[in-house]
Protein chains: 2
Amino acid sequence: MAEHVFDPSIFHHVWDRDIPTALTVAPGDVVHFDVLMAGERQIAAGYTYADCSFDFDTLYNLCGPIDVAGAEVGDTLAIEVLSLQTGPYGWCAFLEGVGLLPDDFPEPYVHHFDLTRGETTTLCDGVEIPIVPFCGTMGTCPDRPGQFAPFPPHEGGGNIDTRHITVGTRLYLPVHLAGGRFSFGDPHAAQGDGEVCVAAIECGMKASLRFGLLKRTSPGPWFVTPPGSLTPAADVRGYYGTTGIAPDLMEGARMAVRAMIELLGIEEGLDPTMAYMLCSLAGDLKIFEIVDMGMWNVGMCMPRAVFTG
Amino acid sequence: MAEHVFDPSIFHHVWDRDIPTALTVAPGDVVHFDVLMAGERQIAAGYTYADCSFDFDTLYNLCGPIDVAGAEVGDTLAIEVLSLQTGPYGWCAFLEGVGLLPDDFPEPYVHHFDLTRGETTTLCDGVEIPIVPFCGTMGTCPDRPGQFAPFPPHEGGGNIDTRHITVGTRLYLPVHLAGGRFSFGDPHAAQGDGEVCVAAIECGMKASLRFGLLKRTSPGPWFVTPPGSLTPAADVRGYYGTTGIAPDLMEGARMAVRAMIELLGIEEGLDPTMAYMLCSLAGDLKIFEIVDMGMWNVGMCMPRAVFTG
């Protein structure tokens, strides 16, 4: 078992099976990374939206590709998240025409976060969001010709934006090309299930991963979390829950988020902009039922621990 | 503040604003109920599917309607769940043509549960499901003429099948008719978010509820859970998570559940029938992301605590 330090000058913006291997590791090896923020060089502390130069073609800065010696097509890479440490600065944004509620929030908006103060970061007066880091993009390169964008997610995982792949979780990814050709990035300091406004708290991150190999197939990307709740940093005061009862899951999700935004206004005095961003950063979309005669119930749960007032 | 015992001979099978009020309470009053099982007189311990006489018109046996004195249209009923105690017997079933995966599991099947042994109930060798009771149907009667079935859910809640409305949770329901006209039933001993096979562990239940009244509107049915994790009985060993990456949330949900069924076969040796039922009874459907360029990621999380092997 060896430890490696990944060359921080190597990163790539797209998936492409022809990008040269940056590092080959043996099963059991650990690699330490310094992962660039999504939007590095495009946004910085204090910028207004007009100051930003968002370029989706170069938004993500993925570390990799990393090959695991002996990995063959049909095998499974096992990635254990050993440690994650956020950089000092984070951002979140509403961008025009994207996210779950673009018509409700048509104005672009950027928000900056100070990540230097410990276990939480302040959204606004009375709202402290637990810092629970993960990387939104973790994937093996699909076996497709040419270049393609880091989003949306794909058969190798990629931009799965799954908040539960935090420290202690093992992620299992299907191998589509010899070696696995694993890349990752898009570090997030906090995000709820859904990422409804289209962004998490985007930040830089130091990450340490252990690479393993299973000589068998996997049913798509899957993971195993460490013992305990899926949301230990948020559980202490219980949850607000809203419902979205609709014949379409997408419409139900919109209803549940709109209900949460309204509820947070009534119960916690949050304005809609802060409430929508909070839904993206700490609210969890769930499907309460998906079987009831054509009417489904999508819910959002919001930890009450974020409210310090 | 008064305590009432609800007359156990009073129940109804449909929503109907013209059903006479069974009990009127004052805000703050507590009512004790003996709630009939869904399928009472249609299924019993030891029945095969062929022995059952399922009749959807009389499947649910709802307690109510209960009016809260002073509740006016536009107000909100607050229902606090004080205690829930399951009866000794429970059942779950696959029924033809319903559930999330009817094509994968076309054969009807009923399964019986012994609920007398404490905090868990056995699904099969090596699988113990935590008993976390709630009532699948809790609602205020909509202001519509005539009779309509207890499912699907509606603007007053109804068959919301929301597992988080367990002991300690407060449920808030919009009032559509003077008094609120609250009814509830469909007791469940255990269910995951999604209820994917179409049934929970259906059982009889003793329930105690406190009724309150807010003189303001609510953004649809919502709830507040007690301090702690949403799934405290299941958290101890962490979770398996699967993903369903698809351009449609329903298809993503099917993928995530199929992946979980496959994974539980590989990792825990479960046959598909037991795995699908376990997904309904203990697996939680989540929406990991709903914003990524037309490809969504629906997940299922399964507590590893259910596996005792």
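This is a predicted model: local features need pLDDT of at least 70, side-chain atom pairs count only at pLDDT 80 or more; totals for chains, interfaces and linings use all residues.

Biologist: Happy to. Where do I start with two packed helices?

Modeller: Two packed helices are described by the angle between their axes and by the distance between those axes. In chain B, helix H1 spans residues 249-268 and helix H2 spans residues 272-282; their axes are 9 Å apart, and the packing angle is about 130°.

Biologist: Which word describes how H1(B) and H2(B) lie to each other?

Modeller: Angles of 65 to 115 degrees count as roughly perpendicular and those over 145 as roughly antiparallel. H1(B) and H2(B) are therefore oblique to each other. As for handedness, H1(B) passes H2(B) in a right-handed crossing.

Biologist: Which residues of H1(B) and H2(B) meet?

Modeller: First the general idea: an α-helix has 3.6 residues a turn, so residues three or four places apart point the same way. From H1(B), the residues are B:Val257, B:Met260, B:Ile261 and B:Leu264. They meet B:Pro272, B:Ala275, B:Tyr276, B:Leu278 and B:Cys279 of H2(B). By type, this contact of H1(B) with H2(B) has 9 nonpolar residues, no polar and no charged.

Biologist: And how many residues of H2(B) are buried?

Modeller: Here a residue is buried when its relative accessible area is under 20%. In H2(B), 9 of the 11 residues are buried, so the helix is largely enclosed by the rest of the structure. Among them are B:Met274, B:Met277, B:Ser280 and B:Leu281.

Biologist: What should I look for at the start of H2(B)?

Modeller: Look at B:Asp271: one of its side-chain oxygens comes to within 2.9 Å of the backbone nitrogen of B:Thr273.

Biologist: Now to chain A. At what angle do H1(A) and H2(A) cross?

Modeller: Helix H1 (residues 249-268) and helix H2 (residues 272-282) of chain A cross at roughly 130°, and their axes come within 9 Å. H1(A) passes H2(A) in a right-handed crossing. The contact involves A:Val257, A:Met260, A:Ile261 and A:Leu264 on the H1(A) side, with A:Pro272, A:Ala275, A:Tyr276, A:Leu278 and A:Cys279 on the H2(A) side. Those residues divide into 9 nonpolar, no polar and no charged. H2(A) has 9 of its 11 residues buried, so it too is largely enclosed by the rest of the structure. At its start, a side-chain oxygen of A:Asp271 reaches to within 2.9 Å of the backbone nitrogen of A:Thr273.

Biologist: Let's turn to single residues. Where is B:Ala189, and is it buried or exposed?

Modeller: For a single residue, read its place, its accessibility and its contacts. B:Ala189 sits in the loop between strand S14 (182-188) and strand S15 (202-214) of chain B. Its relative accessibility is 0%, so B:Ala189 counts as buried. B:Gln85 is 104 residues from B:Ala189 in sequence, yet their C-alpha atoms are 8.7 Å apart. Beyond four places in sequence, B:Ala189 touches residues including B:Thr86, B:Leu115, B:Ile131 and B:Cys203.

Biologist: And what does the side chain of B:Thr140 lie 2.6 Å from?

Modeller: A polar atom of that side chain lies 2.6 Å from the backbone oxygen of B:Pro174. B:Thr140 belongs to strand S10 (residues 134-140) of chain B, and at 0% relative accessibility it counts as buried. Leaving aside neighbours within four places in sequence, its contacts include B:Trp15, B:Leu77, B:His154, B:His176 and B:Phe182.

Key. Residues are numbered from 1 along each chain as its sequence is written. Chains are lettered from A and ligands numbered from 1 in the order in which they are written. Side-chain values use heavy atoms; hydrogens and water are left out. Axes are lines fitted to C-alpha atoms, for helices over the stretch in contact, and angles run from 0 to 180 degrees between N-to-C directions. Helices (H or I, at least four residues) and strands (E, at least two) are DSSP runs, numbered from the N terminus. Angles under 35 degrees count as roughly parallel, over 145 as roughly antiparallel, 65 to 115 as roughly perpendicular and the rest as oblique. A crossing is left-handed if the near helix is turned anticlockwise from the far one by less than a right angle, and right-handed if clockwise. Contact means heavy atoms within 4.5 Å. Ala, Val, Leu, Ile, Met, Phe, Trp, Tyr, Cys and Pro count as nonpolar, Asp, Glu, Lys and Arg as charged, and the others, Gly among them, as polar. Buried means under 20% relative accessible area, exposed over 50%, partly exposed in between (1.4 Å probe, protein chains only). A polar contact is a pair of N or O atoms within 3.5 Å; within protein, one must be able to donate a hydrogen and the other to accept it, and residues adjacent in sequence count only if both atoms are side-chain atoms.
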